[in-house]
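Here is a briefing on a structure with chains in contact.

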Amino acid sequence: MKTPFFTGAAAIIKKDLRAEFRARELVSVMGLFALLSVLVFSFALELDREAREEAVSGVLWVTLIFASMLGLNRGMALECDQGGLDAMLAAPVSRSAIYLGKLLGNFIFTAIVGMVMLPLMTVLYGKNLLDAWVIGTTVIGVFGFATIGTLLATMTVQTRAREALLPIAMLPIVLPFLLTAVRATTGLLNGALDGEWRGSLGMLAGITVIYFVICLLLYRYVVEE
Amino acid sequence: MWEKPKLAASDLQIEESPQPRTLRILTVITVLGFAGSLYLGLAAAGTDILQGEIQRIFYIHMPSFFGAFTAFGLTLIGGLIYLARRREHWDRIALAGVEVGLAFSLINLLTGSIWARPIWNTWWTWDPRLTSAAIMCLTYAAYLMLRAGIDDLDRRRAFMSVYGILAFVTVLITLFIIRIVPETIHPVIVGASPQNAQGGFEATSGVVMALFPSLLLWLIFMPLTLIWHRIRLEKRIEALNRLKTLALSE
């Protein structure tokens, strides 16, 4: 008999959260990376005040996407090396439930990093990012990254090159998310008219739903045997 | 020791299989059609009043995108059927589709860029449609890289089928982005052009006369012929690899 879908997914999330709470292996690495990235961007671009305000949403999203990939790579490698993936596959849960569980786990960790970054960047870049819509956009965008990322990380972790392949496979596919998210955030921060950023935000939400459904259906093909 | 060449010859039968007649006919049609469509586009069609000769590149630019569409579409279909039936032939179709489609979409980008230089006064601009077309190319280039990184054959086929299905979303985005993001400057020739479009021209009967055969050729004959040849090549590569393993194992 199969465990009901949501019970299975919830159990996986609980497992990931508990492991993270005990070892603090992912969020700490992702958070530190995000912090460094924000600082490095600020030095590398030699930003004056005006340019910094222009670049803020780009820095936010590039950092988030790389933090998300870092977490995915690390999380999946741990899962694979410690036999977690095999155990989940042996358990009587549907593959889609495993996908949903892993997806939400990565989403929660990346979203935490995002929520830490917003106030930090507000202070460092002098632009108020603590707006309800900006937070909402961040949450949706991070969820979008996680939909694709979870599927692709499960694939790449089983390959020879492992960590190296995830960015190559993932970056072009998440570009639609990145584009719409950056547009929506820039529009919001520069006080553009409602119509301009709402369109991008709507598109971001739309493609997130589309990719979520596709990945949910395809996940069982990347965890065979 | 003397048995090695015998085994090899029987294994290489695929390589010696002659081209099927349909493929030969298709190849001839494609080559003649390509010459014909070039004639129609470069010589027979009238010169555009506003843009001059550069407008003629359109007869390759737009059809090459649709050729890529067909090829990537075959990758999608090949991936879906492979996942359902597990016949390796469908995976070969998918791979051939990616390579042919990537070549076509590069032609599409290059010709567009050449056209944009005099008309938009730049080789490249971050217009939504140009950006999405570039993303599409990168996605399929990533397909080839990812494919090269997976050793296990069954796993490679299954994973790449999944990736081929995911990647097709970028093709759809490129196709429909003009309707979604209205601020593009990319003109639409068939149907209503966006408000900001620059460099459009009317689809007069002369344009349609030269465009239609070219479109038919690029949409159907060119991708099918090239993909068929590529599949046969893939079979040879596989036969060669089997032979290598055989030679090494003895």
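**Chain contact, cores and a helix pair**

The contact takes 19 residues from chain A and 21 residues from chain B. The model is predicted. Points follow by topic.

**Side of chain A that touches chain B**
- Two elements of chain A give two or more residues to this side: α7 (165-189) and α8 (194-218).
- α7(A) provides the largest share, seven residues.
- By class, the side of chain A that touches chain B has 15 nonpolar residues, two polar and two charged.

**Nonpolar cores**
- The largest nonpolar core has 114 residues.
- Ile148(A), Val174(A), Leu178(A) and Tyr163(B) have the most contacts inside this core.
- α7(A) gives the largest share of the core, 15 residues.
- Leaving aside residues up to four places away in sequence, Val174(A) touches Ile65(A), Phe145(A) and Ile148(A).
- Another core, of seven residues, lies apart from the largest one. Its residues include Ala45(B), Val207(B), Ala210(B) and Leu211(B).

**Helix pair in chain B**
- Helix α4 (residues 58-85) of chain B packs with helix α5 (residues 88-119) of chain B.
- The axes of α4(B) and α5(B) lie 7 Å apart, at an angle of about 160°.
- Angles over 145 degrees count as roughly antiparallel, and α4(B) and α5(B) are therefore roughly antiparallel to each other.
- The crossing of α4(B) and α5(B) is left-handed.
- Residues of the contact of α4(B) with α5(B) divide into 16 nonpolar, 12 polar and two charged.

Technical notes
Residues numbered from 1 in each chain as written. Chains lettered and ligands numbered in written order. Predicted model: local features only at pLDDT ≥ 70, side-chain atom pairs only at ≥ 80, totals over all residues. Contact = placed C-beta atoms within 7 Å. Helix = DSSP H or I, 4+ residues; strand = E, 2+ residues; numbered from the N terminus. Nonpolar A, V, L, I, M, F, W, Y, C, P; charged D, E, K, R; others polar. Core = buried A, V, L, I, M, F, W, Y, C linked by C-beta atoms within 7 Å. Buried ≥ 20, exposed ≤ 12 C-beta atoms within 10 Å, placed from the backbone. Axes fitted to C-alpha atoms, helices over the stretch in contact; angles between N-to-C directions. Parallel < 35°, antiparallel > 145°, perpendicular 65-115°, else oblique. Left-handed = near helix turned anticlockwise from the far one by under 90°.
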